[in-house]
Each structure stands twice: as structure tokens, then as C-alpha cells.
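Reader: Please present the structure, and then let us go through its helices and its surface in turn.

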Amino acid sequence: MSDVPLWFFIACLGWVGVKLVRPPLWLVLVLLIGGYLLADSLFGPVLDTVTK
């Protein structure tokens, strides 16, 4: 069995979720940009310890 990269799995899961749930585009963009900015902020190390 081959290993699937995590980023590819998350991208596929996100694509399926958007197709099934049909959230508004602005909500998807806010979550993506907000997650990126939050990970790069001072909360990044805190989130890293919580998610591990």
C-alpha cells in the first residue's frame, strides 16, 4: 500500500466536504485564511501542542 501525502488527503477531504455541504465561498476563504494567519501567530505553538 502506498503512502498518501497528508496535504493531498486534506485537500481531497476538503473538496468532498465543500461539494457535499455547499458552504458559502466567503466562509471557506475565511477559514483558510484565518487558519493560516492563526498558525503563524503567537498561538501557533499552543495549537501545535494541543493537536499533538
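Author: Helix 1 covers residues 6–21 and so counts 16 residues; helices (H or I, at least four residues) and strands (E, at least two) are DSSP runs numbered from the N terminus. The model is a predicted one, in which local features need pLDDT of at least 70 and side-chain atom pairs count only at pLDDT 80 or more, while totals for chains, interfaces and linings use all residues. Residues are numbered from 1 along each chain as its sequence is written, and side-chain values use heavy atoms, with hydrogens and water left out.

Reader: What span does helix 1 reach from its first C-alpha to its last?

Author: The expected span of a helix is 1.5 Å times one less than its number of residues. For helix 1 the expected value is 22 Å, and the span it reaches is close to this, at 22 Å.

Reader: Which residue just after helix 1 takes a positive phi?

Author: G17 lies in helix 1. Leaving aside residues up to four places away in sequence, G17 touches R22 and P23, where contact means heavy atoms within 4.5 Å. The positive phi, about 55°, is found just after helix 1 at R22.

Reader: Is L13 buried or exposed?

Author: Buried means under 20% relative accessible area, exposed over 50%, and partly exposed in between (1.4 Å probe, protein chains only). L13 has its place in helix 1. Its relative accessible area is 54%, so L13 is exposed.

Reader: How many helices does the protein chain have?

Author: From the N terminus on, its elements run α-α-α. The secondary structure has 0 strands, and the number of helices is 3.

Reader: What radius of gyration does the protein chain have?

Author: The radius is taken over C-alpha atoms, and the globule rule is 2.2 Å times the number of residues to the power 0.38. Along its principal axes the C-alpha trace spans about 35 × 35 × 15 Å. A compact globule of 52 residues would have a radius near 10 Å, but the protein chain has 14 Å.
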